[in-house]
Amino acid sequence: MSEKIKIGFYALTSCYGCQLQFAMMDEILQLLDKADIECWFMVERNSDEDKEVDIAFIEGSVSTQEEVELVRKIRENSKIVIAVGSCAIHGGVQSWDKDKGLSELWKTVYGDAHVKFEPKMAEPLEKYIKVDYKLYGCPPEKKDFLYALGALLVGSWPEDIDYPVCVECRIRGNPCILIEKGEPCLGPVTVAGCDARCPAFNVACIGCRGAVGYDVAWFDALALEFKKKGLTKEEILERMKIFNAHNPKLEEMVNKVFEEGE
Amino acid sequence: MYIPITVDHIARVEGKGGVEIVVGDEGVKEVKLNIIEGPRFFEAITIGKKLEEALAVYPRICSFCSAAHKLTALEAAEKAVGFTPRPEIQDLRDLLYIGDMIESHALHLYLLVLPDYLGYSNPLAMVDKYKKEIEYAMALKNIGSKIMDYLGSRAIHQENAILGGFGKLPTKAQFEEMKRELKEALPLAEYTVELFSKLEQYEEVNDDEIVHMAVKPRNDVYGIYGDYIKVSDGFEFPVEEYKKHIVEKVVEHSFAKHSFYKGKPFMVGALSRIVNNADLLYGKAKELYNQYKDLFRYNNCFANNFAQALELVYFVERAIDIIEEALAKWPIKERDEVEIRDGFGVSITEAPRGLVVYALEVKDGRVSYADIITPTAMNLAIMERHVRMMAEKHWQDDPERLKLLAEMTTRAYDPCISCSVHVVRI
């Protein structure tokens with residue numbers, strides 16, 4: 001690419017961790033020769049959300065009516081839209097209790113108070129716009145950013161990872177938290193790419209990279225395993241919903257395990 | 001005629017907020033900090049959930065201080081179930097917390113604050129002329145991140161801090177590596193103090209009525225944990241009584257509430273820690289404190305930047321000490337079993353930007369009550385007052401300059417807007 005690539009980093013409702021991860025990469029200094037930053041409020045005072053860009057990185061869930069309009073505008077102004085992180089891709093942890101409904105959650109926290117913005121239940125970007133690529137994670141790994149940007153800068157296209165965290169756990173030689181320790185590890189259904197970060201610390205995976213795509217996330221097989229270990233359907237759903245609350249397959253597959261067993 | 005001067009989206013801060021100043025022929029009419037992030041209902045979504053899962057979710061309130069959220073929530077949870085970690089585990093939690101302090105302060109000072117003083121709109125544009133400063137920023141940030149990687153599993157949203165201790169501790173070689181890099185980072189931290197000692201001559205907001213709140217450090221160790229809160233007017237109260245002394249009120253232009261002590265705004269953060277606890281500093285940090293005593297102006301929020309610079313030196317030295325103590329006690333058992341009983345616990349710690357409150361009640365292994373107050377929520381009222389004071393001083397200046405000065409005033413507080421809005425309970 002002879003001309004500089006134009007990039008924008010936009011935030012919806014989130015913890016700002018995805019852009020922090022991006023901003024904190026030493027490699028970002030090398031990117032500067034190849035890119036113009038048109039919008040990135042976390043680092044640039046002269047940011048403009050209305051400018052056209054080649055690549056738009058968007059983090060955060062759509063959680064206000066203003067954000068619905070913002071993502072539509074970004075989509076119109078961008079050649080490639082990349083959803084960054086669990087909030088943008090899956091609605092984020094703020095979707096964990098979405099079944100309660102917005103009004104009940106609002107009442108618990110805000111009471112009868114009124115604010116001048118219109119709140120919404122946290123939703124993934126894809127509910128409103130077409131997303132071209134996804135960087136999974138809460139937050140994504142630095143190498144996820146490097147791989148995607150590297151591929152795009154040479155005019156290629158990054159590929160999705162289609163295998164679960166378990167694969168990386170086996171490669172690292174970690175003991176299996178699910179089978180050997182009996183803890184509710186979500187590694188078997190979660191997109192790999194983190195190098196089995198948490199299991200390597202003896203901590204069960206909570207699924208922050210979301211379910212493996214291409215409909216190969218076997219929620220039912222894992223739910224059956226959890227059920228054998230004595231977890232109730234509610235406990236299984238609660239754990240899987242921390243990061244998968246918007247997954248359309250989840251309830252159907254977990255329900256199946258409990259219906260068949262009864 | 002009154003003219004509104006608006007910054008829709010304050011740049012180079014964490015989260016989405018704006019400033020609105022209305023100026024007329026006779027001066028400043030109105031000043032508002034608008035907090036415009038969407039709600040995330042953290043307290044509501046974790047109520048009724050398993051304690052361990054809630055503890056994995058709380059840090060996601062904010063990325064800039066995820067370790068602070070994780071460790072404060074953990075302490076509140078352990079108090080609730082009646083568990084006290086072993087001293088060596090507590091020391092290593094301090095070390096993890098310090099990793100967050102170092103990274104957050106380095107990021108704030110060099111990448112968010114410094115561009116204003118040097119006349120840049122973003123830190124990346126400074127690379128050509130201020131290569132050394134950017135390199136120092138990255139090196140300091142990297143050692144903070146490494147501590148969080150090794151002890152917390154990663155720099156953002158650490159999972160390796162769990163009830164009873166850690167899932168796995170770093171190896172002896174990793175501790176040695178951290179110690180070596182911290183020693184290399186110490187001169188960079190000292191340079192940061194020199195650098196900001198010059199910049200602090202820049203702007204003033206002189207608020208003689210200001211009150212500072214910070215923890216009274218446990219075991220007289222300057223820093224993060226404490227069982228009492230110390231106020232600069234001489235008053236002290238146990239953390240369990242926070243609701244009596246930190247009173248929150250609703251303001252209509254913000255998703256986040258404002259906080260008051262004895263009916264007035266108060267300040268928390270690095271400057272408040274120095275004002276209340278400077279006598280506990282030691283080593284190089286103490287020397288530098290004595291050398292620059294006059295620059296820690298308790299009544300000027302801009303001195304918060306300088307206080308963060310001094311804390312970089314303190315926390316780097318403190319981290320080295322903790323590692324040396326840990327190596328002397330080697331090997332350390334990573335975790336004790338915790339029996340999850342019913343109970344209620346309050347923890348208030350010093351996050352990079354000031355006091356953070358977690359009050360958790362546990363019933364049948366699940367969270368049955370959660371109250372969280374973040375530093376930025378506490379600082380909002382006084383931030384707004386100081387933006388007003390700045391505007392009153394400069395209302396006749398060029399609007400673009402007034403905008404910059406108003407933004408700089410908010411940036412001096414190192415606000416974490418996501419933090420403040422996502423946990424408001426009205």
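The stops below cover the interface and then a pocket.

This is a predicted model, in which local features need pLDDT of at least 70, side-chain atom pairs count only at pLDDT 80 or more, and totals for chains, interfaces and linings use all residues. Residues are numbered from 1 along each chain as its sequence is written, chains are lettered from A and ligands numbered from 1 in the order in which they are written, and side-chain values use heavy atoms, with hydrogens and water left out.

Select first the residues in contact (heavy atoms within 4.5 Å), where chain B contributes 74 residues and chain A 62 residues. The two chains bury about 5,800 Å² between them, 64% of it on carbon and sulfur atoms, buried area being the accessible area (1.4 Å probe) lost on putting two parts together, summed over both.

Next, show D97(A) and K49(B), whose side chains form a salt bridge at 3.1 Å, N to O; the rule (a side-chain nitrogen of Lys or Arg within 4 Å of a carboxyl oxygen of Asp or Glu) finds seven salt bridges across this interface.

Then move to the largest pocket, with a volume of about 610 Å³, the space filled by probe spheres set on grid points joined across faces, edges and corners. A pocket is an open set of points on a 1 Å grid over the protein atoms alone where a 1.4 Å probe fits, with protein on both sides within 12 Å along at least five of seven lines, and lining residues have an atom within 4 Å of a point. Of its 23 lining residues, E183(A), R239(A), E52(B), I162(B) and R335(B) lie nearest the centre.
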